[in-house]
Amino acid sequence: MPAVSKGDGMRGLAVFISDIRNCKSKEAEVKRINKELANIRSKFKGDKALDGYSKKKYVCKLLFIFLLGHDIDFGHMEAVNLLSSNKYTEKQIGYLFISVLVNSNSDLIRLINNAIKNDLASRNPTFMNLALHCIANVGSREMAEAFASEIPRILVAGDTMDSVKQSAALCLLRLNRTSPDLVPMGEWTARVVHLLNDQHLGVVTAATSLITTLAQKSPDDFKTSVSLAVTRLSRIVTSASIDLQDYTYYFVAAPWLSVKLLRLLQCYPPPEDTSLRSRLTECLETILNKAQEPPKSKKVQHSNARNAVLFEAISLIIHHDSEPTLLVRACNQLGQFLQHRETNLRYLALESMCTLASSEFSHEAVKTHIETVINALKTERDVSVRQRAVDLLYAMCDRSNARQIVAEMLSYLETADYSIREEIVLKVAILAEKYAVDYTWYVDTILNLIRIAGDYVSEEVWYRVIQIVINRDDVQGYAAKTVFEALQAPACHENLVKVGGYILGEFGNLIAGDPRSSPLVQFNLLHSKFHLCSVPTRALLLSAYIKFINLFPEVKATIQDVLRSDSQLRNADVELQQRAVEYLRLSCIASADTLATVLEEMPAFPERESSILAKLKKKKGPGKLPENVNGSAEEPAASSKPDTACWWTSSPTSRLLLLLLLLLLLLRWRTTCPGEPSSLRPPPFAPRRSDVLLRLLRFICKNNGVLYENQLLQIGLKSEYRQNLGRIYVFYGNKTTSQFLGFSTAVSSSDLNVHAKAVEPVIEGGAQLQQILNIECVTEFCDVPVLHIQFRPPSNVLTPDSVCQSRYGGTLQNIEVKLPVMLNKFFQPTEMTSQDFFQRWKQLGA
Amino acid sequence: MIGGLFIYNHKGEVLISRVYRDDIGRNAVDAFRVNVIHARQQVRSPVTNIARTSFFHVKRSNIWLAAVTKQNVNAAMVFEFLYKMCDVMTAYFGKISEENIKNNFVLIYELLDEILDFGYPQNSETGALKTFITQQGIKGQLQTKEEQSQITSQVTGQIGWRREGIKYRRNELFLDVLESVNLLMSPQGQVLSAHVSGRVVMKSYLSGMPECKFGMNDKIVIDKQGKGGATDDAGKSGKQSIAIDDCTFHQCVRLSKFDSERSISFIPPDGEYELMRYRTTKDIILPFRVIPLVREVGRTKLEVKVVIKSNFKPSLLAQKIEVRIPTPLNTSGVQVICMKGKAKYKASENAIVWKIKRMAGMKESQISAEIELLPTNDKKKWARPPISMNFEVPFAPSGLKVRYLKVFESKLNYSDHDVIKWVRYIGRSGIYETRC
């Protein structure tokens, strides 16, 4: 770099800056800047040409003003002029201004590109460097378009200076980051790889960065770099620390280059060539050996540089995952770091160990450090380190140590930091489930979990307990007993009440023999928690009560009393009130048999992937499970959120209402005519009555859809309403392949004026027929109109399901469908002041 | 209930810090400095709420005065107090500057103790304060019992702003009507908004406890008299009277009397005080008319011609006339020609400033300027800020006239005729702008 001559000091700039620094207030500063700007404008405007020095000085001032936060809207031209100067300092300021101030859509970009092109072609290394820096600093698409093909040429040209090569490599890296599509891949890539052999370590470092990025894009093009990188790495590692002179940092040979080379190697699988492979292994061993040597300096920089290389080497070892001895050595090395007094080192060691634990070679080795990790969990001051310790414990867990780890995590949970509690809870739940040999232990663990950190136990966790208890007959009794005992604690968490309610409701009978847990005692215990719970839990408890009525007829009266109480029947919450009303009604009218059917024990859940695991995955990327350790632990029954549990917990009110309405209807219907249930059963191929009813009810809120469907015919509706008039388009679809004959429709209605347009008597197979119904509402009504349809399908109907061939063959079909014309279809909003409204409202009351 | 009061210099260093209530901690001092004084964007709102604490500030030259509170106080009250506080400080040591504040900090703390008690504003009348807060050493021992009881009776009594037993050889009274006229005019000469805010400031040197009565050409009073009195001067006085939009009075004015009779009667404080403030918006006499003419010649040149016309009696002289013509931000050179006064391009303010020392009524003068522009790559068009003007005229632009000022002192033997009275009108420009 040319030395700055004395004349380049730019006194004017120094004076200006010191003036600004001395300003007492913002206003004074603004005034000074305005004055300076006016001065520069008049100078730039002046007819006589400015010499390079003053141009540089004024551009510098503008730059300073811009950096103070003021807008600059002139001077760009002067800056571009500076680019063509032959003096280094002038060119430098010009490039500085341009990389800071010129935005990509300026009209000057062509001039700038031209100047850069000239400099690149100038063969003067300092100018070339300036130009390359400018391209990298701006890094815009236009720049990339203009120079992306030029720079690789400079990079691999034989006669380019080292410093320029270095800049070119970094510039290309930058362009590749901002607009990767514009960097062409070509024959230069092969030559770039050979830069790894360059004499100049700076060039090698820059090239390694570039190759690492490019190799991620197209690994095949840079495969040859592996062998070169290994050679280079071994040369660095084996060199005496003084050999590399400038590139030795606190007695560590070229730490940055080593780290970059190790990173590059992580882009590829272990080399297949055995000699290369052994050489790499040797390198890695040397690095591990060096870590054992006493430090050459007490300075923190020395150990930092050494450890940086070491950690990168370990992650390469983990990435390759092929050399058991190296993996074990790495693990031992990390084990030493676990007790290092440097917190950062402990953190990194724990983090690396987490990945080590998932390797089959080193899993056992990692396990030997369990005591240290548990100790770290307990004594570590930094919460992020503790978090890593939890991750590691989770990763190293297998069947042999699951009990110990789960116990430790549980005991830690009591004092754990709030931010990581939920995650620990999830992990404990997963581990307990995954490695549970004995399900009583599992139930105990989860109940403990709820007791210790109830607030952090998510829905999924307790769903899972219930799924498992229901799916496994052998633990049901134990679960009921444990839950009963747990519930006896004076204060227990709501989640525990939920689990308790569910399990006692299902399996309370298994412990009812014991007089200490007689049905009444069980009920009283649950009910004592009732008032402290939130609405969803109360809803669940009400369901548990109705289950109790089924399980223990002797407490029926007590429970009915509870349901009948005002706090239930007139509860402000709709869900609770509804449940109370329905359950009470159900318990009163249904016979014991019906109750037993309706409130049957929950069926086993289908086995699916654990929902908790999904939740953990969602919550956090890492935390790999050692999947294949010890011949894959058999996954116990698993399923995502239990579908039937919806019924138990809070389902959408409307759906529950419909379901229970139907249930009650069917119940009543069955109980009224028990003698001949078969006669009333609907024909097997006609849609079930409940379906029809459901479809009709669905039309309360919507206007279009399918109203009726059986094997032969589908009826669709499209309707629109305006004031008291309505129009319905009815579509009759023939689902068979042959035609219907004698098709006719009629609409009967008591209160509405319905006018139906006549229809064709024939519907071709697969065709659709449209009919328009015009409806006028003349008075209020409650009965919906009924659509009568009559048609004769031909004798040999070909339906998709040929079973019904004989059924329908040739007989006249009569179908009656209720049309969804309800009073609410004619409702209209009206504007009213609040005064008017209340006046009317009060009149209504009177 | 002001929680505390801080005074900062322009750098944000605390000069005075007085905390009245426990809910204001030391960190409030820093909060204001960081969020207002050193804020990246200039804070324009005088009220700032930081972490549930309200800061009310006023700025005098380079000095920031900030009142702090956590309660929901009447903001107008706080500002009134701050202004009063500025007045008091000015009355004690002149201009409010960092230097003066540092030199008088003991006095300021003493004043703050007196005029704010547990955050409640107390008597802040300068005249009254000066009787017991003095700058001349400790006088405590010299004070007689009588004097002390007098102070007590004054502070607690009905007339807190004047002590008894004042005596002057010459009973004199000065009355200044100070008005500032604000205007925004369109380039075509249409008045977009105009109002006058005025103050009546008095300086009284009267003996005893005189009762004063002040009369002006208030429209309501004149109309009332016109109805009751002779019909012939109703037309004449109707033209002369002015409509006052709103007014506020010094605490010495008897508001009940003003409400019932609309007469302004009071027992004046001793020395200088502001008797009333008022605002008018109708029939304003605009002392100057500015006629701008801006022509853009190409992208690099701008021609500006501005004519000012004075619009008052030829016998009167306007002073300190200054016309400020804004120039575009990319101005690179200016040539000015003016017939009267001096004109100069001030780059630091981005404006041409034209100064005229004196100008009689019904005259006109003009300036023309050629502005050279530097072409920029900025597509923004120049916003053309308005041309503003400053001046001082010896009449009241609102048309207010003092009709009488009567002084009655029944106990002492001087009458209204013995009092020497001086009346002066000064009209100044407030924000007096014409768009161009």
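In chain A, helix H2(A) passes H3(A) in a left-handed crossing, where left-handed means that the near helix is turned anticlockwise from the far one by less than a right angle, and right-handed that it is turned clockwise. The model is predicted: local features need pLDDT of at least 70 and side-chain atom pairs count only at pLDDT 80 or more, while totals for chains, interfaces and linings use all residues. Residues are numbered from 1 along each chain as its sequence is written, chains are lettered from A and ligands numbered from 1 in the order in which they are written, and side-chain values use heavy atoms, with hydrogens and water left out. Helices (H or I, at least four residues) and strands (E, at least two) are DSSP runs numbered from the N terminus.

**Helix pair in chain A**

- H2 (residues 26–45) and H3 (residues 52–67) of chain A pack at an angle of about 145°, with their axes 11 Å apart; axes are lines fitted to C-alpha atoms, for helices over the stretch in contact, and angles run from 0 to 180 degrees between N-to-C directions.
- From H2(A), A:Ile33, A:Glu36, A:Leu37, A:Asn39, A:Ile40, A:Lys43 and A:Phe44 meet A:Tyr58, A:Lys61, A:Leu62 and A:Ile65 of H3(A), contact being heavy atoms within 4.5 Å.
- The residues of this contact divide into seven nonpolar, one polar and three charged (Ala, Val, Leu, Ile, Met, Phe, Trp, Tyr, Cys and Pro count as nonpolar, Asp, Glu, Lys and Arg as charged, and the others, Gly among them, as polar).

**Interface of chains A and B**

- The contact takes 15 residues from chain A and 22 residues from chain B.
- About 1,600 Å² is buried between the two chains, and carbon and sulfur atoms give 48% of that area; buried area is the accessible area (1.4 Å probe) that two parts lose on being put together, summed over both.
- The count between the chains is one salt bridge, a term for a side-chain nitrogen of Lys or Arg within 4 Å of a carboxyl oxygen of Asp or Glu.
- A:Lys31 forms a salt bridge with B:Glu349, and the closest N and O atoms are 3.8 Å apart.

**Four-stranded sheet of chain B**

- An open sheet of four strands in chain B has the order S14-S15-S20-S17, with antiparallel pairing; two strands pair if DSSP finds at least two bridges between them.
- S14 and S17 (331–338) of chain B stand at the edges with a single partner strand each, so one side of each is left without a neighbour in the sheet.
- Neighbouring strands of this sheet are turned by 15° against each other on average, direction ignored.
- Antiparallel strands S14 (residues 288–297) and S15 (residues 301–310) of chain B are joined by ten bridges, and B:Leu293 stands opposite B:Lys305 in S15(B).
- The hairpin of S14(B) and S15(B) has three residues between the strands, and in this hairpin B:Gly298 takes a positive phi near 70°.
- Nine bridges join S15(B) to the antiparallel strand S20 (residues 364–373) of chain B, where B:Gln366 is the bridge partner of B:Val307.
- S17(B) pairs with S20(B) in the antiparallel sense over seven bridges, and B:Thr331 has B:Leu373 in S20(B) as its bridge partner.
- H2(A) packs on the sheet, touching S17 and S20 of chain B, and the direction of H2(A) makes about 95° with that of S17(B).

**Nine-stranded sheet of chain B**

- Nine strands of chain B form an open sheet of mixed pairing, in the order S11-S13-S9-S8-S23-S21-S16-S19-S18.
- S11 (246–249) and S18 (342–346) of chain B are the edge strands, each pairing on one side only.
- S8 (residues 172–185) and S9 (residues 191–205) of chain B run antiparallel and are joined by 14 bridges; B:Met185 has B:Val191 in S9(B) as its bridge partner.

**Positive phi in loops**

- Most residues other than glycine have a negative phi.
- B:Arg262, which is not a glycine, has a positive phi of about 60° and lies in the loop between helix H9 (255–261) and strand S12 (264–266) of chain B.
- B:Arg384, not a glycine, has a positive phi of about 55°, and its place is in the loop between S20 and S21 (387–393) of chain B.
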